[in-house]
Amino acid sequence: MIDLHTHILPGVDDGAPDLETSVLMAAVAAESGVTHLVATPHSNQRGAFENYASPALQVRFDCLRAAVREAGIPLELSLGMEIFGTGDVPKLLREGRLLTINGGRYLLIEFGFHEDPLRIERLLDELLSAGYWPVVAHPERYFCVQDSPELLYEFREMGAVLQMNKGSVFGRFGKEAERTAQYLLENRLAGCAASDAHRANYRTPDMRTIREFLSE
């Protein structure tokens, strides 16, 4: 399995606070069958998590990857970001200040839970027109989607990939998110499931339960 949404990079956001926790998270992921994991720290959130592409961020990632290898954990790591959907995202991408997934054309993007659907569509259209393939993080958690789940068809028809959180399926984020996750699955709209992991013992990178659920 590939998990392309995790907060395993230590000490940069509300995910792993230190390298020890990150290595524990890597072990949990590998034991559950994950073979490749993408570190996607929150970025470009003014006043909260202002992570941008930098040599320091790359060094932090390289240290994590080295520690995972030293621990003998059979897990490949790549670097990306959970980009916050603000109007200046296309500009920040052109300037090289935001990271796509493993340096490719796919990028993980999230929106505020109260975001207006027209603004979501406008930004997705800009990104697609610029040659990127946006992967929309946990759309089942956005209030506009919960109110009007048919928006999911519009996002996908535009060309976006819809990434569902494993916790949403099991009610981790409330009944509305659970209901909307079921809508994603029943209508075959989900492009992938991811852990959105933050710790080794809380919102974990263990993907075993969601794999078994989807297999059934």
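Helices (H or I, at least four residues) and strands (E, at least two) are DSSP runs, numbered from the N terminus. This is a predicted model, in which local features need pLDDT of at least 70, side-chain atom pairs count only at pLDDT 80 or more, and totals for chains, interfaces and linings use all residues. Residues are numbered from 1 along each chain as its sequence is written, and side-chain values use heavy atoms, with hydrogens and water left out.

Start at His42. His42 sits in the loop between strand 2 (36-39) and helix 2 (55-70). Its relative accessibility is 7%, so His42 counts as buried (buried is under 20% relative accessible area, exposed over 50%, partly exposed in between, with a 1.4 Å probe and protein chains only). Beyond its neighbours within four places in sequence, His42 is in contact with His7, Asp13, Asp14, Phe49, Asn51, Glu82, Glu110 and His198. Contact means heavy atoms within 4.5 Å.

Next comes the largest pocket. Its volume is about 180 Å³. Of the 16 residues that line the largest pocket, the closest to its centre are His42, Gln45, Glu110, Phe113 and His138. A pocket is an open set of points on a 1 Å grid over the protein atoms alone, where a 1.4 Å probe fits, with protein on both sides within 12 Å along at least five of seven lines; lining residues have an atom within 4 Å of a point. The volume is the space filled by probe spheres set on the points. The lining divides into four nonpolar, six polar and six charged residues. Asp, Glu, Lys and Arg count as charged; Ala, Val, Leu, Ile, Met, Phe, Trp, Tyr, Cys and Pro as nonpolar; the others, Gly among them, as polar.

Five strands form an open sheet in the order 4-5-6-7-8, with parallel pairing. Strand 4 (82-84) and strand 8 (192-194) are the edge strands, and each pairs on one side only. The twist averages 40° from one strand to the next, with axes fitted to C-alpha atoms and angles running from 0 to 180 degrees between N-to-C directions. Two strands pair if DSSP finds at least two bridges between them. Strand 6 (residues 133-137) and strand 7 (residues 161-165) have three bridges, in the parallel sense. Val136 stands opposite Leu162 in strand 7.

Two loop residues remain. Asn102 is not a glycine, yet has a positive phi of about 55°. Asn102 lies in the loop between helix 3 (89-94) and strand 5 (106-110). Asn102 is exposed, with a relative accessible area of 53%. Arg203, also not a glycine, has a positive phi of about 50°. The loop between strand 8 and helix 9 (208-215) holds Arg203.
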